Amino acid sequence: MSVETQFVDLPEPVILDAGRELRDVQIAYETYGELTDARDNVVLVCHALSGDAHAAGVTPGALSAGELDSKALGWWDPMIGPGRAFDTDRWHVICTNLLGGCRGTTGPSTIDPDTGEPYGSTFPPLTVADLVRAQRAFLAELGIESLLCVTGASLGGMQALQFAVDYPDFVRGVVAIASTAHLDTQGVALNHVARTAITSDPDFQGGDYYGTGREPRAGMAIARQIGHITYLSKHALRAKFPDDRFAVESYLSYQGDKFVVRFDANTYLLFSKAITRFDMPAARFADARARFLIISFTSDWIYPPADSEELEAALRAAGRDVEHVTLETSYGHDSFLLEDEGQAEHIRPFLERTYEEMR
C-alpha cells in the first residue's frame, strides 16, 4: 500500500489551555481505506511521543518511526491494512501529525507568522487536550461529524481518553493501548531525566537553535536511549543480545543517532511534558458516551497492567461500557508495535460491535 502525506490548513486559530492561540495552523495527515457515503466508518489513530502521520503503508523517502526494519514503512503498519486489526476493507483510518510536531504539522520549527522567524522557544506549552482540540478542528475541515473509534498507545491512548470526555457526542468507541489516566511517579522521573539531557546540551541554546548550524543532537540521542530502555522489557533486551550483553551499548547509540535525524528536540520536549502533566480525573469519565477497550501488556513496566486496571475501575465506576484485556508478551511497552495479532483478535470484534450499535 503506497500512501502520501496530505495537508490541511485550519481556517481558525487553535485556542490553547495556556491562554495562547496559534493561527495559520497546518495539519499533516494520511488516510487508509475508503470513507463510506454516510461517513460513519472513521477510525482516528493518535500517535505516541515519537510518531507522526505516517502510520501505515509505504511512503518513498519517508523515515519510519516504527520498529520494523523499513525506512519507508508506517510505524503501525502491522495493525492497519486489509484484514488487520484496523481493517481498511471496512474502516477509513486517519492519522495526523500532532500539533507541535516536526513532521509536517505546525510546531516549534515552523515560521511564526507574527515574526517571520521559527517559533523556537516561544512556541507555547501544550496539553493533551490541546492536541485533541487541534485534531477535532482538523476533522471538521474534512467534514467528519463522528468517529467510530479513537485509538492510540501511550500518549496516543491519553488522547483517545481525552477525546471521549471532551467530545462525548462525537466519539463512539475508544481503544486505549498501553496507556493510563496519569503517569506514575517513575515515568515522571524518567521523562524529567530525558528532557534534562536535551536542555543541558550547550547546542540547545534555550530552544532557539534553528538556523544556527548547531542542534542538541547529543542530548537528543541520550533522551532517546533513555526512552528506548523504558520501551523494552528486561527479557526483550536480553533476547536481542543473547551472546554479548555489551552489544546493547552500540545498539542504544545506533537508536539515538537514528532518532536525531528525523525528530526535533523542541517537539520532544513539548510532547514529553504533555504526557507527564496529563491527569484525567475519574469524575470526567461520567461525561463520556463511548464504549472502551483497554489493552495492556504483562511485560510493560512503564505503563503496567496495574495502571490499566485502575483506569478500568474508574470507567466502570462512571457507568461506562469497558473491556480490559491484558496480553502475555515479552516486548515491553513496544508490544503495541509488535504484538499485532494478539491485539487484533480483540480490536476487530470491538469495532464491529461498536459499528452495529451506532447504526
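Is serine 154 buried or exposed? Serine 154 is buried, with a relative accessible area of 8%; buried means under 20% relative accessible area, exposed over 50% and partly exposed in between, with a 1.4 Å probe and protein chains only. The model is predicted, and local features need pLDDT of at least 70, side-chain atom pairs count only at pLDDT 80 or more, and totals for chains, interfaces and linings use all residues. Residues are numbered from 1 along each chain as its sequence is written, and side-chain values use heavy atoms, with hydrogens and water left out. Helices (H or I, at least four residues) and strands (E, at least two) are DSSP runs numbered from the N terminus.

**The sheet**

- An open sheet of 8 strands has the order S1-S4-S8-S5-S9-S10-S11-S12, and its pairing is mixed; two strands pair if DSSP finds at least two bridges between them.
- Strand S1 (6–9) and strand S12 (322–327) stand at the edges with a single partner strand each, so one side of each is left without a neighbour in the sheet.
- On average, neighbouring strands of this sheet are turned by 20 degrees against each other, direction ignored.
- Strand S5 (residues 42–46) pairs with strand S8 (residues 92–96) in the parallel sense over 4 bridges.
- Valine 42 has histidine 92 in S8 as its bridge partner.
- Strand S9 (residues 149–153) and S10 run parallel and are joined by 4 bridges.
- Valine 150 stands opposite valine 174 in S10.

**Strand S10 and its two faces**

- Strand S10 (residues 173–177) is mostly covered, with 5 of its 5 residues buried.
- In a regular strand the side chains alternate between the two faces of the sheet.

**Helices H1 and H2**

- Helix H1 (residues 128–141) packs with helix H2 (residues 155–166) at an angle of about 70 degrees, and their axes are 9 Å apart.
- Axes are lines fitted to C-alpha atoms, for helices over the stretch in contact, and angles run from 0 to 180 degrees between N-to-C directions.
- H1 and H2 are therefore roughly perpendicular to each other; angles under 35 degrees count as roughly parallel, over 145 as roughly antiparallel, 65 to 115 as roughly perpendicular and the rest as oblique.
- H1 and H2 make a right-handed crossing; a crossing is right-handed if the near helix is turned clockwise from the far one by less than a right angle, and left-handed if anticlockwise.
- On the H1 side the contact (heavy atoms within 4.5 Å) is made by Val128, Ala129, Leu131, Val132, Gln135, Arg136 and Leu139, and on the H2 side by Leu155, Met158, Gln159, Gln162, Phe163 and Asp166.
- The residues of the contact of H1 with H2 divide into 8 nonpolar, 3 polar and 2 charged; Ala, Val, Leu, Ile, Met, Phe, Trp, Tyr, Cys and Pro count as nonpolar, Asp, Glu, Lys and Arg as charged, and the others, Gly among them, as polar.
- H1 also lies across S1, strand S4 (26–32), S5 and S8, and runs at about 130 degrees to S8.

- Helix H3 (residues 185–199) and helix H4 (residues 217–231) have axes 7 Å apart and pack at an angle of about 160 degrees.
- That angle makes H3 roughly antiparallel to H4.
- H3 passes H4 in a right-handed crossing.
- The residues in the contact include Leu190, Val193 and Ala194 of H3 and Gly219, Met220 and Ile222 of H4.
- The contact of H3 with H4 has 9 nonpolar, 2 polar and no charged residues.
- The axes of H4 and helix H6 (residues 247–262) come within 8 Å and cross at roughly 120 degrees.
- H4 and H6 are therefore oblique to each other.
- The crossing of H4 and H6 is right-handed.
- Among the residues in this contact are Arg217 and Met220 of H4 and Tyr251 and Leu252 of H6.
- By class, the contact of H4 with H6 has 7 nonpolar, 5 polar and 3 charged residues.

**Single residues**

- Most residues other than glycine have a negative phi.
- Serine 154 has a positive phi of about 60 degrees although it is not a glycine, and its place is in the loop between S9 and H2.
- Arginine 39, in the loop between S4 and S5, has a positive phi near 55 degrees.
- Arginine 39 counts as partly exposed, at 35% relative accessibility.
- Threonine 196 lies in helix H3 and is partly exposed, with a relative accessible area of 31%.
- The C-alpha atoms of threonine 196 and leucine 269 are separated by 9.4 Å, and the two residues are 73 residues apart along the chain.
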